[in-house]
Amino acid sequence: MSLEIIAHRGYSAIAPENTIAAFAAAIENGANSIEFDVQLSSDGEFVIIHDGTLERTTNGSGKVAEKTLEELKELDAGSWFNPKFAWEKIPTLREGLDAIKNLDKFAYPEVKGSENWTDRDVDKFVQILIETGWEERCIVLCFKDKLLEQVRARSSKIILGYLVADAAVYAEKLPKAAADGKAVMMSQYHTLLKNPFLIKASRNQGTDVGVWTVDSQPDLQKLVNLGVVRIATNSLVEKQEFFQF
């Protein structure tokens, strides 16, 4: 398998995270895939933003879930990063997917706040992925297994991504991913550097492995040497010739 560079929240080292500008920068600089975060507005619209609150990445304040889409669209989501990105907007899920339609490989939407999603919300989320042509090029990420199971009940084609941050949880979730047959393990990368046996255990069970978030070139090379080729990164989007396979 070839190295798959996943731009974490877009090319977030050079553009404001989770914006169309960051997605465009990722594609322009050779990213294969793009990861981004999905949440619900108060009126049930899917928006692309990481935090549950607005202060860090916009000029707004308060909770995302307590704002309507119209209110969220009034915010500046770029100036905090650099004035040249002034009035970059919070994208909707459809806008984000449309912006990355020419991507080589996968969209990695990470669902945030899924414990507050209704069955109807999950229905709508999956339907958008289908309608926009991403059902077979999408890896839905979530720390909550229930959301992944709900997605699977609605689509046999979407790949599920089990997010894990430590070895114990990894060992707990691996059998679920393996039993699904169309899932990957997405791990905090230090966990795999410290416990490389988890990579072999995953492959032995027919499950691929990805990692987040790698911004050290030496660590990326170590992971490649261990056989990990799905790499989410903020800053190493442009492929380097010195990576050894």
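What follows is a walk through some helices, strands and loops of a predicted model. Residues are numbered from 1 along each chain as its sequence is written. Since the model is predicted, local features need pLDDT of at least 70 and side-chain atom pairs count only at pLDDT 80 or more, while totals for chains, interfaces and linings use all residues, and side-chain values use heavy atoms, with hydrogens and water left out. Helices (H or I, at least four residues) and strands (E, at least two) are DSSP runs, numbered from the N terminus.

With a relative accessible area of 0%, I231 is buried. Not counting residues up to four places away in sequence, I231 touches L3, E4, I5, I6, V211, V214, L220 and L223, where a contact means heavy atoms within 4.5 Å. I231 and V209 are 22 residues apart along the chain, and their C-alpha atoms are separated by 9.3 Å. In the loop between strand 8 and helix 9 lies T213, and a cis peptide bond, with omega about -25°, joins W212 to T213.

Next come the helix pairs. Two packed helices are described by the angle between their axes and the distance between the axes. Axes here are lines fitted to C-alpha atoms, for helices over the stretch in contact, and angles run from 0 to 180 degrees between N-to-C directions. For helix 4 (residues 119-131) and helix 5, the axes come within 10 Å and cross at roughly 60°. That makes helix 4 oblique to helix 5; angles under 35 degrees count as roughly parallel, over 145 as roughly antiparallel, 65 to 115 as roughly perpendicular, and the rest as oblique. On the helix 4 side, D119, V122, D123, F125 and V126 take part, and they meet L147, Q150, V151 and R154 in helix 5. Sorted by type, the residues of this contact come out as five nonpolar, one polar and three charged. In this sorting, Ala, Val, Leu, Ile, Met, Phe, Trp, Tyr, Cys and Pro count as nonpolar, Asp, Glu, Lys and Arg as charged, and the others, Gly among them, as polar.

How do helix 6 and helix 8 lie relative to each other? The axes of helix 6 (residues 167-180) and helix 8 (residues 197-204) come within 11 Å and cross at roughly 5°, and the two helices are therefore roughly parallel to each other. Here A167, Y170 and L174 from helix 6 meet L198, A201 and S202 from helix 8. This contact divides into five nonpolar residues, one polar and no charged.

Back in helix 5, which covers residues 145-154, sits D145. D145 is buried, at a relative accessible area of 11%. Its side chain makes a polar contact of 3.0 Å with the side chain of K173 and another of 2.6 Å with that of K176. A polar contact is a pair of N or O atoms within 3.5 Å; within protein, one must be able to donate a hydrogen and the other to accept it, and residues adjacent in sequence count only if both atoms are side-chain atoms. Leaving out residues up to four places away in sequence, D145 touches Y162, K173 and K176.

K112 belongs to the loop between strand 4 (107-111) and helix 4. Its C-alpha lies 8.1 Å from that of G52, although K112 and G52 are 60 residues apart in sequence. Neighbours within four places aside, K112 is in contact with D37, V38, Q39, H50 and W117. N18, in the loop between strand 1 and helix 1 (20-28), is not a glycine but has a positive phi, near 60°. N18 counts as buried, at 3% relative accessibility. W87 also has a positive phi, near 65°, and W87 is partly exposed, with a relative accessible area of 48%.

Methods. Buried < 20%, exposed > 50% of the residue type's maximum accessible area, 1.4 Å probe, protein only.
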